[in-house]
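Here are a few notes to read alongside the coordinates. Have the viewer open while you go through them.

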Amino acid sequence: MLFQPEGPVSPQVRAAVYRVMADLPGVTSQGEARDPHGRTGQAFIRDGEVWEGATSSSRVIIDQGTGLPLAVQDFERPGGPVTGYTVLLAATSTDGPPA
């Protein structure tokens, strides 16, 4: 897994996560890409071993203007079909009860 958005974080924490992500072995830029909702961002992908020599890929698409993750996509194998994805539609902080 490359990066999984789990809720709102400060811009400083997000920047630190991206710096760590950039240093992971096998992370490469794919340039501009569209998420499952058609939004455009910068994509980064990492191929990794899952188990017993099998590989998978994980790609994060980041909004270039805000730095927020738009989506994370998982692939069966490098260049293979999508096996799952997470789309981030909003990230906010609140003191109120869950919606």
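**Notes on the strands and a helix**

1. Start with strand β4 (residues 69-75): 6 of its 7 residues are buried, so the rest of the structure largely encloses it. Buried here means under 20% relative accessible area, exposed over 50%, and partly exposed in between, with a 1.4 Å probe and protein chains only. Strands (E, at least two residues) and helices (H or I, at least four) are DSSP runs, numbered from the N terminus.

2. A word on provenance: this is a predicted model, where local features need pLDDT of at least 70, side-chain atom pairs count only at pLDDT 80 or more, and totals for chains, interfaces and linings use all residues. Numbering runs from 1 along each chain as its sequence is written, and side-chain values use heavy atoms, with hydrogens and water left out.

3. On one hand, β4 pairs with β3 (residues 54-62), antiparallel, over 6 bridges; pairing takes at least two DSSP bridges between two strands. Val 60 sits opposite Val 72 in β4. The β3-β4 hairpin has 6 residues between the strands, and Gly 67 has a positive phi near 80 degrees there.

4. β4 also runs antiparallel to β5 (residues 82-87), joined by 5 bridges. Here Gln 73 stands opposite Tyr 85 in β5. In the β4-β5 hairpin, with 6 residues between the strands, Gly 79 takes a positive phi near 80 degrees.

5. Now for helix α1 (residues 11-23): Arg 14, Tyr 18 and Met 21 are buried. Down the axis of α1, the buried residues fall within an arc of 60 degrees, so they line one face of the helix; the arc is taken from the directions from the helix axis to the C-beta atoms. Gln 12, Arg 19, Val 20 and Asp 23 are exposed on the other side of α1.
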